[in-house]
Amino acid sequence: RPLAVSETKVWRKFNLWWLAAPVPLLVVRYEDLLHHRERTLKRVAWFLNGCRPIEGTPWARGVERASSEASHRRGPYRPRPKNGRPRFDDDLLQEMTHAAGSMLRDFGYDDPRGL
């Protein structure tokens, strides 16, 4: 339990550091790669291509290949619950949400139980 809260604080500090870093930055959520793969990969390719259009470039072909049906069939890694129980109880989720501050909401996570 203390480890989960401590790691949440580390996650928060790590993300705040990167968001303030004076470097080009693109935030990509894992869930967006799963549920909106092509759109998200196009955004990543656009960013890596110097914020220029990717149509007709090797970037576009890479996005098409990575967004193909065969690529989707592999599916994401899904951790198994320990002993059939959820990984985090409601009290721990509340502690972790508090430790994360506004970061969860800032990244679009309105309901931490979905994590």
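Me: Leaving aside neighbours within four places in sequence, which residues is Glu-31 in contact with?

Reply: Leaving aside its neighbours within four places in sequence, Glu-31 is in contact with His-36 and Tyr-109, where contact means heavy atoms within 4.5 Å. This is a predicted model, in which local features need pLDDT of at least 70 and side-chain atom pairs count only at pLDDT 80 or more, while totals for chains, interfaces and linings use all residues. Residues are numbered from 1 along each chain as its sequence is written, and side-chain values use heavy atoms, with hydrogens and water left out.

Me: What joins the side chains of Glu-31 and Tyr-109?

Reply: Their side chains are joined by a polar contact of 2.7 Å, and a polar contact is a pair of N or O atoms within 3.5 Å, of which, within protein, one must be able to donate a hydrogen and the other to accept it, with residues adjacent in sequence counting only if both atoms are side-chain atoms. Glu-31 itself has its place in helix α2.

Me: Why is Glu-31 called partly exposed?

Reply: Buried means under 20% relative accessible area, exposed means over 50%, and partly exposed lies in between (1.4 Å probe, protein chains only). Glu-31 has a relative accessible area of 24%, so it is partly exposed. His-36, at 34% relative accessibility, therefore also counts as partly exposed.

Me: Where is His-36 found?

Reply: His-36 is found in the loop between α2 (30–35) and α3, and its side chain makes a polar contact of 3.0 Å with the side chain of Arg-39. His-36 and Ser-67 are 31 residues apart in sequence, and their C-alpha atoms are 9.4 Å apart in space.

Me: What makes α3 and α4 roughly antiparallel?

Reply: Two packed helices are described by the angle between their axes and the distance between the axes. Helix α3 (residues 37–48) and helix α4 (residues 58–66) pack at an angle of about 155°, with their axes 9 Å apart; such axes are lines fitted to C-alpha atoms, for helices over the stretch in contact, and angles run from 0 to 180 degrees between N-to-C directions. Angles under 35 degrees count as roughly parallel, over 145 as roughly antiparallel, 65 to 115 as roughly perpendicular and the rest as oblique, and α3 and α4 are therefore roughly antiparallel to each other.

Me: Which residues of α3 and α4 meet?

Reply: From α3, Arg-37, Glu-38, Leu-41, Lys-42, Ala-45 and Leu-48 meet Trp-59, Val-63 and Ala-66 in α4. By class, this contact of α3 with α4 has six nonpolar, no polar and three charged residues, where Ala, Val, Leu, Ile, Met, Phe, Trp, Tyr, Cys and Pro count as nonpolar, Asp, Glu, Lys and Arg as charged, and the others, Gly among them, as polar.

Me: Is Asn-49 buried or exposed, and why?

Reply: Asn-49 has a relative accessible area of 12%, and so it is buried. Asn-49 is found in the loop between α3 and α4, and, not counting residues up to four places away in sequence, it touches Ile-54 and Trp-59. A polar contact of 3.3 Å joins the side chains of Asn-49 and Trp-59.

Me: What makes the phi of Cys-51 worth a remark?

Reply: Most residues other than glycine have a negative phi. Cys-51 has a positive phi of about 60° although it is not a glycine, and its place is in the loop between α3 and α4. With a relative accessible area of 40%, Cys-51 is partly exposed.

Me: How are α1 and helix α6 placed relative to each other?

Reply: The axes of α1 and helix α6 (residues 90–100) come within 8 Å and cross at roughly 25°, which means that α1 is roughly parallel to α6. Residues making the contact include Ala-4, Val-5 and Thr-8 of α1 and Met-96, Ala-99 and Ala-100 of α6. The residues of the contact of α1 with α6 divide into seven nonpolar, one polar and three charged.

Conventions:
Helices (H or I, at least four residues) and strands (E, at least two) are DSSP runs, numbered from the N terminus.
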